[in-house]
Amino acid sequence: MNSAKKIMKNQGLGERTPGKKNQPAVSQKNKVLLIIGILLILVLGAGICYIQLRPREILTVEGLDSSQSAVTNVLYYTDAMYDIYTTESQYNNGIYEQIYGGSFWTAENVDSAGRNGASAAKKQIMDTLKQREILYMEALKAGLSLTDEETKQIQENAASARENLTDSQKRIAGLDEATIYTVLEKQALADKYKSQVIAGLNIDEEALKKTVSKKDYRQYTLQYYTWSKTETDTDNNTKNKDSALIEKAKGDMEALQKKAAAAEDFSKDIITDSDNDNTDDATGIRYTTLDLLETDTDSLDASTRKKVKAMKNGEVSDVIETDDAFYVFKMVNNNDTEAYDTQCNQIISEEQESQFDTAYKNTIKPNYTTEVQSYWRQRVTIGYLTSDTDN
């Protein structure tokens with residue numbers, strides 16, 4: 001009887017729980033829609049992540065391996081990032097803008113094809129990627145490998161490259177140490193194969209050396225102390241220093257000459273240089289060096305050049321006064337071959353590069369098929385991809 005009364009009192013709904021409201025029941029249809037909605041969100045989120053993070057192919061290189069089997073190497077956007085970084089670092093330092101008054105990336109006609117800076121740099125990077133990959137594949141085909149010492153050096157270079165990056169640059173995909181190491185490793189093997197090709201070329205180095213004049217590239221290696229008799233004013237005009245100051249400097253140079261002539265080492269303990277700027281703290285006399293070539297007409301005046309060239313090895317000059325300065329010279333070597341040797345090496349290197357380029361174009365590159373992918377052609381713009389976003 002009591003139970004029946006309670007049911008009637010609650011209008012047949014049963015007894016309510018104190019402090020809680022009855023919740024409407026969720027229909028089976030709503031449950032299904034809810035689950036479908038959650039799945040759609042998950043799928044869309046996964047799709048966005050895939051689009052943002054999936055590897056972006058930029059280049060494929062096809063060729064044959066050592067067993068004459070077809071092989072295809074694929075390069076991704078991240079594989080190019082270190083080359084992009086080094087290229088952008090070269091022109092994002094403000095020097096180009098200081099010299100030319102504008103950004104390199106927007107500068108027009110920077111190459112023979114009339115490209116702007118960004119397009120020219122982009123082509124240069126892709127050309128580098130193509131050649132590196134082809135020569136790397138050739139190196140593997142030839143059985144070339146790196147020594148333990150070479151591998152260790154690459155590891156050190158990769159770590160060193162990372163040290164030069166800012167925190168924001170270190171977070172860029174492709175500028176991690178492993179990817180940089182891979183780039184440097186490929187380059188090292190490519191260079192090793194290139195050296196092998198060059199060694200097989202018929203380059204007459206002795207004949208090339210004979211094209212360089214030993215007389216013209218005779219080098220006079222000098223150490224000297226100097227004091228300038230002129231200065232630049234606030235309007236950037238050059239004027240003579242005070243006559244009394246010049247007279248005092250002459251006396252200082254004469255005292256220095258005596259000390260330098262008797263010194264065992266001409267370059268040490270002659271001046272007092274507490275801040276290591278090669279300039280005497282009190283007198284302003286400066287120490288420096290000069291590699292004077294036989295044909296040089298820009299360094300020193302004609303009279304001083306004649307006096308210097310007549311000096312013997314180890315000889316210290318008296319104080320030499322010109323219209324602009326005082327000098328005390330020491331002849332280190334009056335017949336140094338350094339400039340001649342450098343020029344010979346440059347001539348040989350240029351010939352090696354020229355002949356290698358011909359061999360690469362005619363006999364190596366034709367064995368490979370390269371295809372630049374649409375992502376690189378349509379989506380990548382060189383200029384500020386690796387700029388420091390923290391600044």
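Okay, let's start with Leu 222: its bridge partner is Leu 290, over in strand 6. Strands here are DSSP E runs of at least two residues, and helices are H or I runs of at least four, numbered from the N terminus. Strand 3, residues 219-228, runs antiparallel to strand 6, and eight bridges join them. Two strands count as paired if DSSP finds at least two bridges between them.

Before I go on, this is a predicted model, where local features need pLDDT of at least 70, side-chain atom pairs count only at pLDDT 80 or more, and totals for chains, interfaces and linings use all residues. Residues are numbered from 1 along each chain as its sequence is written, and side-chain values use heavy atoms, with hydrogens and water left out.

Now, Lys 194. You'll find Lys 194 in helix 8, residues 177-199. Is Lys 194 buried or exposed? Buried, with a relative accessible area of 18%; the cut-offs are under 20% for buried, over 50% for exposed and partly exposed in between, using a 1.4 Å probe and protein chains only. Leaving aside neighbours within four places in sequence, Lys 194 is in contact with Leu 135, Glu 353 and Phe 356, where contact means heavy atoms within 4.5 Å.
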